[in-house]
Amino acid sequence: MSKLTDVSETLFVPMEGRVYSSRNCPKFFYDSKALEIYENLPENLKSKFEQDEYTYIASAMRSKNLDLYIKDFLNENPEGSIINLGCGMESLYERNDNQKANWFELDFPEVLKLRKNYLPPKTRDNYLPYSMFDYAWIDEVKKISDKSKLIIAAGLFHYFEEEQIVEFINNLQKIAPAYLVFDAVSTFGLKQSQKYMKKMNREDALMYFSVDDPNYLINKCSSNIKLLRMEKYYKYANYNSNLKFSTKIKMKVSDIFNMVKMIYLKIES
């Protein structure tokens, strides 16, 4: 297998968040597939980064939020398509497939090669070995489905400059009608994340993109891009789970100051 790129090497970090939650606070979030994969993962492929509980739970919350958006989308569009950008080792299909939708897993070829060992393509689950900025993936999706699409960018946009994200969002008009859901940190949250990554000696995977006011971002995009809603990151968190008090406080503070949020857009042609 070719060496993973610096950003691709982080694909096991969010999975470990799902594993931590599943083992220690399953009422918060449970992912049986993540547990299965992790138990069979060679030690040399497991993350070497020690995280505190809050960091693990932040990763698990991202997956919890995505499941909720997917459920709502598939309720309205049962034969629609789910496109997971930078899919890594995320098990969205395993948790949410309705036996009707088309699924697309997009990531670098070296990541998908590794992913196939643990999450091989299944019925209606298609692998797309592209960078998100190589818009050939759009043509591949359109060959398979002309239904409405939900595009997921989980923990992904942070690593790119605002100009790149605006250009990317505008290019999604080629695949309309579609919806885009992504998580974004505030300017303050971005600074905190950068400090954390430097502390972990991960300066090769620093974050650059932040959103304080989603309307500011939308105003930079095409008029065919509409903001449907912005939600606090921990809005749907189960605080009755077996979480440390300090973790709950950090979650509350994050939502009070909008340090992290989920943003949901509609893409029209």
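In which loop is Arg124 found? Arg124 sits in the loop between α5 (109-115) and β3 (125-128). Please keep in mind that this is a predicted model.

**Backbone features**

- Most residues other than glycine have a negative phi, and most peptide bonds are trans.
- Arg124 is not a glycine, yet its phi is positive, at about 70 degrees.
- Asn258, also not a glycine, has a positive phi of about 50 degrees.
- You will find Asn258 in the loop between α10 (245-256) and β7 (260-267).
- With a relative accessible area of 26%, Asn258 is partly exposed.
- The peptide bond joining Ala176 and Pro177 is cis, with omega at about 5 degrees.
- Pro177 belongs to the loop between α7 (162-171) and β5 (178-185).

**How two helices pack**

- Two packed helices are described by the angle between their axes and the distance between the axes.
- Helix α1 (residues 12-24) packs with helix α3 (residues 53-76) at an angle of about 95 degrees, and their axes are 7 Å apart.
- Angles of 65 to 115 degrees count as roughly perpendicular, so α1 is roughly perpendicular to α3.
- On the α1 side, the contact is made by Val13, Pro14, Glu16, Gly17, Arg18, Tyr20 and Ser21.
- On the α3 side, the contact is made by Glu53, Tyr56, Ile57, Ser59, Ala60, Arg62 and Ser63.
- Sorted by class, this contact of α1 with α3 has six nonpolar, four polar and four charged residues.

Conventions: Residues numbered from 1 in each chain as written. Predicted model: local features only at pLDDT ≥ 70, side-chain atom pairs only at ≥ 80, totals over all residues. Heavy atoms only, no water. Axes fitted to C-alpha atoms, helices over the stretch in contact; angles between N-to-C directions. Helix = DSSP H or I, 4+ residues; strand = E, 2+ residues; numbered from the N terminus. Parallel < 35°, antiparallel > 145°, perpendicular 65-115°, else oblique. Contact = heavy atoms within 4.5 Å. Nonpolar A, V, L, I, M, F, W, Y, C, P; charged D, E, K, R; others polar. Buried < 20%, exposed > 50% of the residue type's maximum accessible area, 1.4 Å probe, protein only.
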